[in-house]
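Let us learn to read a protein model, one feature at a time.

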Amino acid sequence: MLQKIFGFNKQTMNLRTEIIAGITTFLTMSYILAVNPAMLSTTGMDKGAIFTATALAAAIATLLLACMAKLPFAQAPGMGLNAFFAFTLVQGMGYSWETALAAMSVEGLIFILITLLNVREIILNSIPVNLRHAISAGIGMFIAFIGLKNAGIIESNPSTFVALGHFTPISLLAIFGILLSAVLLIKKVKGALFYSILLCTIAGIPLGVTEIPENFIPVSMPHSIAPTFCKFDFEGFFTLDMAIIIFTLLFMNIFDTLGTLVGLATKTGIMDKNGHIPHVKEAMMSDAIGTTISSMLGSSTVTTYVESASGIAEGGRSGVTSLITGLLFILALFFAPVFLLIPGAATTGAFVLVGVFMMDSIGKINLSDISEALPAFVTIIMMVLTYSIANGIILGLLCYVLLKLFSGRHKQITLTMYILAILFIIDLILA
């Protein structure tokens, strides 16, 4: 049964190893249970409902992947994609969180469709490789910037726009969290970010940052998702602006998922000499279905987690690893009081270190060619300076098309890039 459903081969795999691998993967990515509610609740959404939605979305998507793709990977609402939801769509562009959820649901349905039709490679190949790497690095810097801002380490200044913040219990706890996360990762501690968040939460008690309510009980029934369940708002939805937003969400999700799948497949040794990944279509489909379900529950877009590499390093090779991870996300539903106790400052280390991980893409950018380097630079820096992932992508793509066009390298521009450039220019004019 394990072989038929989860791809477990008792001749070459060990069940105990698969279970340990699943637990390890959960520990390394469980920080999202603290970070996602903290981030999305800034939009006015109910924090308890977001926690339940996050855990359920992660569990459903990971269990689907275990059965459909039979791979030792895990999925959950992704960092970067949740930042796009909270800080670009809602806080930056002024959409309600209900409209943002509607955009996520439409993107999920389109993702399902293009996966069924096998056209994801066409979309992926339409965006230059250097810009893909720049988008990843830019999102990493943006996430780190959000963490530093939320902790008061960076604050606004009327003269310089931003400045170093004051040393307060919140900022000191955040700095401690950044250093602690880094030390634990250097020491190769499994679940480093999770343990850092936990220890910072405890350290925040004497500092007055962590507030423990009266009659606190660590275990409870899961919080209701009623405040966020299917709360879609499609009023004023059918605009060019929203079409660009959905496309941006779509290729962010595709790049993120495919890039992670390739990296993880390399680590497991399942990729063949032609670069083919077994069951990649099923893995993409579980991601697409997970995204759609996540938006219905009231959470942001689901993606495959690179932290799955920790379980692979422990020997996980089949869907049994994913099964265990998914079941642990269900179990986590009953420990909501503990996760919701975590103050925002305790998650700053996770924000910054995830940013560090995503910055490794910069090394893959061709910086010797200005027509490639400048658009990549614009993409990265404008995400941070405009406080918008979408603006960074739009300006980076426009810069790429214009540079290639005016320097006589128009053959390097795909038809899709021309169409996107025209749409982006129209959108900027009408904005």
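A: Start with a definition. Helices (H or I, at least four residues) and strands (E, at least two) are DSSP runs, numbered from the N terminus. This is a predicted model, where local features need pLDDT of at least 70, side-chain atom pairs count only at pLDDT 80 or more, and totals for chains, interfaces and linings use all residues. Residues are numbered from 1 along each chain as its sequence is written, and side-chain values use heavy atoms, with hydrogens and water left out.

Q: Where is His410 found?

A: His410 sits in the loop between helix 18 (389-406) and helix 19 (415-430).

Q: Is His410 buried, partly exposed or exposed?

A: Buried means under 20% relative accessible area, exposed means over 50%, and partly exposed lies in between (1.4 Å probe, protein chains only). His410 has a relative accessible area of 41%, so His410 is partly exposed.

Q: Which residues does His410 touch?

A: Contact means heavy atoms within 4.5 Å. Not counting residues up to four places away in sequence, His410 touches Lys404, Leu405 and Tyr418. Now take a distance: the C-alpha atoms of His410 and Ala83 are separated by 34 Å. Those two residues are 327 residues apart along the chain.

Q: Where does Ser318 lie, and is Ser318 buried or exposed?

A: Ser318 lies in a loop too, between helix 13 (308-313) and helix 14 (319-332). Its relative accessible area is 0%, so Ser318 is buried. Its contacts, leaving out residues up to four places away in sequence, are Phe6, Gly7, Phe8, Met13, Glu18, Lys70, Leu71 and Pro72.

Q: Where is Leu340 found?

A: Look in helix 15 (residues 336-340) for Leu340. With a relative accessible area of 22%, Leu340 is partly exposed. Beyond its neighbours within four places in sequence, Leu340 is in contact with Pro37, Lys47, Gly48, Phe51 and His223. Pro222 is 118 residues from Leu340 along the chain, and their C-alpha atoms are separated by 12 Å.

Q: What span should helix 8 have?

A: The expected span of a helix is 1.5 Å times one less than its number of residues. Helix 8 (residues 129-150) has 22 residues, so it should span 32 Å. Its end C-alpha atoms are 32 Å apart, which agrees. Gly152 follows helix 8, and its phi is positive, near 80 degrees.

Q: What about helix 10, and which of its residues are buried?

A: Helix 10 (residues 192-207) has 16 residues, so it should span 22 Å; its ends agree, with C-alpha atoms 22 Å apart. Ala192, Leu193, Phe194, Ser196, Ile197, Cys200, Thr201 and Gly204 are buried in this helix. Their cover includes helix 2 (15-29), helix 3 (32-40), helix 9 (169-186), helix 15 and helix 16 (348-358). After helix 10 comes Gly208, with a positive phi near 80 degrees.

Q: How many helices and strands has the chain?

A: The chain has 19 helices and four strands.

Q: Why does the radius of gyration agree with a compact globule?

A: The radius of gyration is taken over C-alpha atoms, and the globule rule is 2.2 Å times the number of residues to the power 0.38. With 431 residues, a compact globule would have a radius near 22 Å; the chain has 21 Å, so the two agree. Along its principal axes, the C-alpha trace spans about 65 × 60 × 45 Å.

Q: What percentage of the residues count as buried?

A: Of the 431 residues, 54% count as buried.
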